[in-house]
Amino acid sequence: MHTITLVHMGKKVKSYKNSVHNDRCRANDAILVHACILLFSAHCRAPATLSMKILIYSWTPYRDELHRGGGAASYIDRVIDQFAGAGRLEIVHLSSGTEYESGRRTAFCRQLKDKNGVRCFSIVNSPVLAPAHLNATNASVAVTDTSTRDLLITLLQEEGPFDAIHFNNFEGISYRSLEIKQQFPAIRIVVSLHDYYPFCPQVKLWKNGARNCDGSNEGRDCVSCPTTRASASAVLQMKKLLAPLKSLGLANDRTLQKVSLGTALYLLPALSGKTRSLSRRSGRSLKQAMSSEDAQRQANGYRDYLHETRRLLNEYADRVLAVSNRVREIAVNSGLHHGKVSTEYIGTRYALSGDHPAKPMDSDSICIAYLGYASREKGFFFLLECLRALPAQLARKIHLVIAARGESNWITPDVNKLGERFLSYNYYNGYAPDSLPEILAPVHLGLVPVLWEDNLPQVALEFVGHGIPVLTSSLGGAQEIGNTDAFVFEAGNISAFIDRLSNIQGNYPQLREQFFRSLQKPPTVPEHNDRLLYHYRNTAAPSHTL
């Protein structure tokens, strides 16, 4: 009897037997060997047929009904949808920092309703608040809390074994959760950097809500930076106290957060009585009147936070995924090990399947558009300044589209009057993905004028996915998409913006062709997920040039 055994990476895969012994059947043996090789190749074929179990963490629930978390949450939903829909992996999702109850003092884990065949869990009463700015006055809780780590360990024990855990952020859960590696050394830990939370307690490296921050000075600059001075512990207590309103159907989590934050800010600012007294006597704000003891205490807390996030990531994370080369550069400059950080551009449903034909132009006019939040860091108000400063001759060659929504009412009479400068002006109160084809139908050029190191703005991918080149600032990852100098201007420089826009308007057909010739197409979600599998499996992902 002839036995052929296939061995792959030291493991027996298959055995095949042929009981024929006479010489006439040697040809059969050759055929059998050839068939075995074909079967072996199929068995070892790459990621598409893998069976793995992955835990994906994000502070917002999977398919969150309140649509919190912005572009990162949308990305996570797309990744899970594709993995679950293809039946390639068993996915479990964990969220934390959104649910609170008054009946129990300590944190606990609750199983939620399955969604799209994905088992979902939530840590309730987490002492690490989400989103991150709620912890701004007590950042150290994110590197000292062990209760969320212990709950994660229990979940891994009860629902495992898992092959990998993918942290998409650490809002709502402690960085000490990375210490699970001590108990589960075989689990791959993959961390995505959708923001700068490990290097900035305010997440954005956006100093005092006014300017870009380089993250230096070891926490001392963080003291005066938080946008809220509410005590994080007071917010936590108010969330628990007001939780019955949710169970009675009188409020949702978003409303509870606003009420909790407002109440805590009014009752218990996270500063000493000495500082509050100094503020009352001097008539200065709490931030301006901060005593030296409060300033030093908070600086020490921020320093410890920044040291610990870097230490824990370097010690326990197997792979850190930056969503752009600029994010990778900032992460390495901030202290993460060079060899641990890889660039992985996120998958998008707007990835180009082929180049869109250029849109017809009416004479030499051009239609430009801004999508997204009406916020200072996104460059929206800078853009308004630029539009006011445009020479009248250039403005009369431009159609303007704005689809923006902000927390404050920015639509002033002055803004409406600004629209009169252009050939046409269309305003949309925000947008939904399904409305983009209609909104962008007339648009020739997208605007991404960010003033902070925006990791990889979703709107840039949305523009490009609809065949529209983007004019971006020199900060963040958006400039890497087109990789064309003619479409990049110095961040915050009005003259530079106008010069670039004027050049594009006068030479649009040629420059558009140059943009898409230089463009490295963003990956689709399936393509991106294939690359994630390499990281989950502890193999080197193929290089890519985007």
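Reply: Gladly! Just after helix α15, glycine 467 takes a positive phi of about 80°. Helices (H or I, at least four residues) and strands (E, at least two) are DSSP runs, numbered from the N terminus. This is a predicted model, where local features need pLDDT of at least 70 and side-chain atom pairs count only at pLDDT 80 or more, while totals for chains, interfaces and linings use all residues. Residues are numbered from 1 along each chain as its sequence is written, and side-chain values use heavy atoms, with hydrogens and water left out.

Me: What makes helix α15 largely enclosed by the rest of the structure?

Reply: Buried means under 20% relative accessible area, exposed over 50%, and partly exposed in between (1.4 Å probe, protein chains only). Eight of the eight residues of α15 (residues 458-465) are buried, so the helix is largely enclosed. Among them are Gln458, Glu462 and Phe463.

Me: Why is threonine 472 called buried, and what does threonine 472 touch?

Reply: Its relative accessible area is 2%, so threonine 472 counts as buried under the 20% limit. This threonine is found in strand β17 (residues 470-473). Contact means heavy atoms within 4.5 Å. Not counting residues up to four places away in sequence, threonine 472 touches Val448, Ala478, Gln479, Phe487, Val488 and Phe489.

Me: Why is cysteine 109 called partly exposed?

Reply: Cysteine 109 has a relative accessible area of 30%, and therefore falls between the 20% and 50% limits. Cysteine 109 is in strand β5 (residues 108-111). Leaving aside neighbours within four places in sequence, cysteine 109 is in contact with Leu94, Phe121, Ser122, Ile123 and Leu151.

Me: What about cysteine 367 and cysteine 386: buried or exposed?

Reply: Cysteine 367 is buried at 4% relative accessible area, and cysteine 386 is buried at 0%. A search of the whole structure finds zero disulfides, a disulfide being a pair of cysteine sulfur atoms within 2.5 Å.

Me: How do you know which strands are the edge strands of the open sheet of six strands?

Reply: Two strands pair if DSSP finds at least two bridges between them. The order is β15-β14-β13-β16-β17-β18, with parallel pairing. The edge strands are β15 (424-428) and β18 (488-489), since each pairs on one side only. Inside the sheet, three bridges join β13 (residues 366-373) to β16 (residues 445-448), so this pair meets the requirement of at least two. Helix α11 (residues 380-389) packs on the sheet, touching β13, β14 (398-405), β16 and β18.

Me: What makes a set of residues a nonpolar core?

Reply: The set holds buried Ala, Val, Leu, Ile, Met, Phe, Trp, Tyr and Cys residues joined through side-chain atoms within 4.5 Å. The largest has 140 residues, and those with the most contacts inside it are Phe167, Leu178, Phe497 and Tyr536. Helix α9 (residues 292-316) gives the most to this core, with seven residues. Apart from it lies another core of five residues, among them Leu129, Leu134, Val235 and Leu236.

Me: What is the mean pLDDT of the protein chain, and where is the pLDDT below 50?

Reply: pLDDT is the predictor's confidence in each residue, from 0 to 100. The chain has a mean of 83, and 78% of its residues reach 70 or more. Over residues 4-27 the pLDDT is below 50, and it also stays under 50 over residues 30-50.

Methods: Axes are lines fitted to C-alpha atoms, for helices over the stretch in contact, and angles run from 0 to 180 degrees between N-to-C directions.
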